[in-house]
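Subject: Structure for your review

Dear colleague,

Please find below the structure that I am handing over to you, with its sequence. My findings follow directly after it.

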Amino acid sequence: MFLEAANAKVRDWVCRGVRRIPIVECTFCNKTYRGRNTLRKHLKLHFKIKNYACQYCTRSFSDRSSLRLHEFRHSTVKAFNCNHCDRSYYSQAELKQHLVFQHEERKFVCPVCSAKFPSKTILNDHSRVHMTDRPYICNICGYSFKRNRNLTRHLLCHKEGKPKGKVNGCMFQKSVSCQHCALLFEVPTELLDHMIDQHHQEYRRAQKGMHVCPYCNHSFDDFDKCLKHQNKHYVIPVNTEGGKIYECGECGRQLRYKSLAEKHLLSHKKNIVLDCPYEGCFKKYKHKMHYTRHIQEVHASAM
């Protein structure tokens, strides 16, 4: 399969001096690359081939350049220091990335929620949050996602066999992530505390402008109020002397099991509609149980 993918048909040619370099396409993700060697290096990511082992630790890599960069960290100090804070890095490229993300002006503004980002690529990725379509569908349980990385993280729940909760009949952990360091938190107020402690400058900048709740589209002119409001859409874990219980963020009702708390939380959503994610099927359901039964009985072959 690897050799077949590496020998993909040439889509075009590009000239570099007297040389003609083929432009080939990856059969798995449709990305194009100049030269078959570059395509082979990319295909190792899909096939999870890591045949370059570090001589200092147990890590391995798919290409020699990544291995050299990693081994460089074992044998040297962080010589590239940031002039704005006490952070230091192993390479100039890492330092430049840090400056762009942490210290330079965020020029790219989301037209929907006014959030600012350091690059157009990150802004384009963020814009998917405001779209209604969910093109990335899990082939195991049928749950759909707006971004591919969310689907990838979700598939790990099936692979590891350690599901944390249920939504629409699918096992996964509902969490909120920090856009600056990608850490995950169980409830939005935990993210707020993290922002204040670890990303104070970004937190101060986030105070300006309008903020929209991604669950109910309510708008707020205060970042703190927006995150605190989002707690009502979550099940909040509470530690007690008798063990952990789960509290409904909407009404405060406490239940022993998280699954029951999530089911109770859905009862507050009067107009909830669960759309079947499969193309050509326009079934809609109000209750998760009926939605799950439809997926398992009607689309079992597709799953």
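In this predicted model, the side chains of Arg11 and Glu25 meet in a salt bridge, with 2.8 Å from N to O. Arg11 belongs to strand E1 (residues 10–16) and Glu25 to strand E2 (residues 19–25), so the pair ties together parts that are 14 residues apart in sequence. Arg11 is exposed, with a relative accessible area of 54%, whereas Glu25 is partly exposed at 24%. As a general point, side chains of opposite charge can pair when their charged atoms come close.

The structure holds three salt bridges. Another of them joins Arg205 to Glu202, where the closest N and O atoms are 3.6 Å apart. Both residues sit in helix H8 (residues 200–206), three residues apart, which is about one turn of the helix. Arg205 is partly exposed, with a relative accessible area of 34%, while Glu202 counts as buried at 5% relative accessibility.

There is also a salt bridge between Glu250 and Lys232, whose closest N and O atoms are 3.7 Å apart. Glu250 lies in the loop between E19 and E20, and Lys232 in the loop between helix H9 (223–230) and E18, so this pair ties together parts that are 18 residues apart in sequence. Glu250 counts as partly exposed at 36% relative accessibility, and Lys232 is partly exposed as well, with a relative accessible area of 27%.

Three strands, in the order E18-E19-E20, form an open sheet with antiparallel pairing. Strand E18 (235–240) and strand E20 (254–255) stand at the edges with a single partner strand each, so one side of each has no neighbour in the sheet. E18 and strand E19 (residues 243–248) run antiparallel and are joined by six bridges. For Asn239, the bridge partner in E19 is Lys244.

I turn next to the nonpolar core. Which residues touch the most other members of the largest nonpolar core? They are Leu191, Met195 and Phe223, in a core of 13 residues. The elements that give two or more residues to this core are helix H7 (188–198), H8 and H9. H7 gives the most, with three residues. Leaving aside residues up to four places away in sequence, Phe223 touches Leu192, Met195, Tyr203, Ala206, Gln207 and His211.

Two further residues deserve a note. Leu151 is placed in helix H6 (residues 148–160) and counts as buried, at 10% relative accessibility. Leu151 and Ile137 are 14 residues apart in sequence, and their C-alpha atoms are 7.2 Å apart in space. Not counting residues up to four places away in sequence, Leu151 touches Tyr136, Ile137, Cys138 and Phe145.

The other residue is His294, which has its place in helix H11 (residues 288–298). Is His294 buried or exposed? His294 is buried, with a relative accessible area of 6%. Beyond residues up to four places away in sequence, His294 touches Cys276, Cys281, Lys283, Tyr285 and His299.

As to the chain as a whole, the protein chain has eleven helices and 22 strands. Buried residues make up 33% of its 303 residues. The chain exposes about 20,300 Å², of which carbon and sulfur atoms supply 50%. Among contacts between residues at least 6 apart in sequence, 21% join residues at least 24 apart.

An unreviewed UniProt entry places the feature "domain: C2H2-type" at residues 24–51, 52–79, 80–108, 108–135, 136–163 and 246–268. For residues 108–135, the end C-alpha atoms lie 25 Å apart, and the span is 29% helix and 14% strand. For residues 246–268, the end C-alpha atoms lie 16 Å apart, and the span is 39% helix and 22% strand.

Yours sincerely

Methods:
Residues are numbered from 1 along each chain as its sequence is written. This is a predicted model: local features need pLDDT of at least 70, side-chain atom pairs count only at pLDDT 80 or more; totals for chains, interfaces and linings use all residues. Side-chain values use heavy atoms; hydrogens and water are left out. UniProt positions are given in the numbering used here, feature names are shortened, and annotations may be inferred rather than shown by experiment. Helices (H or I, at least four residues) and strands (E, at least two) are DSSP runs, numbered from the N terminus. Two strands pair if DSSP finds at least two bridges between them. Buried means under 20% relative accessible area, exposed over 50%, partly exposed in between (1.4 Å probe, protein chains only). Contact means heavy atoms within 4.5 Å. Accessible areas come from the Shrake-Rupley method with a 1.4 Å probe; for residues, only the protein chains shown count as cover. A salt bridge is a side-chain nitrogen of Lys or Arg within 4 Å of a carboxyl oxygen of Asp or Glu. A nonpolar core is a set of buried Ala, Val, Leu, Ile, Met, Phe, Trp, Tyr and Cys residues joined through side-chain atoms within 4.5 Å.
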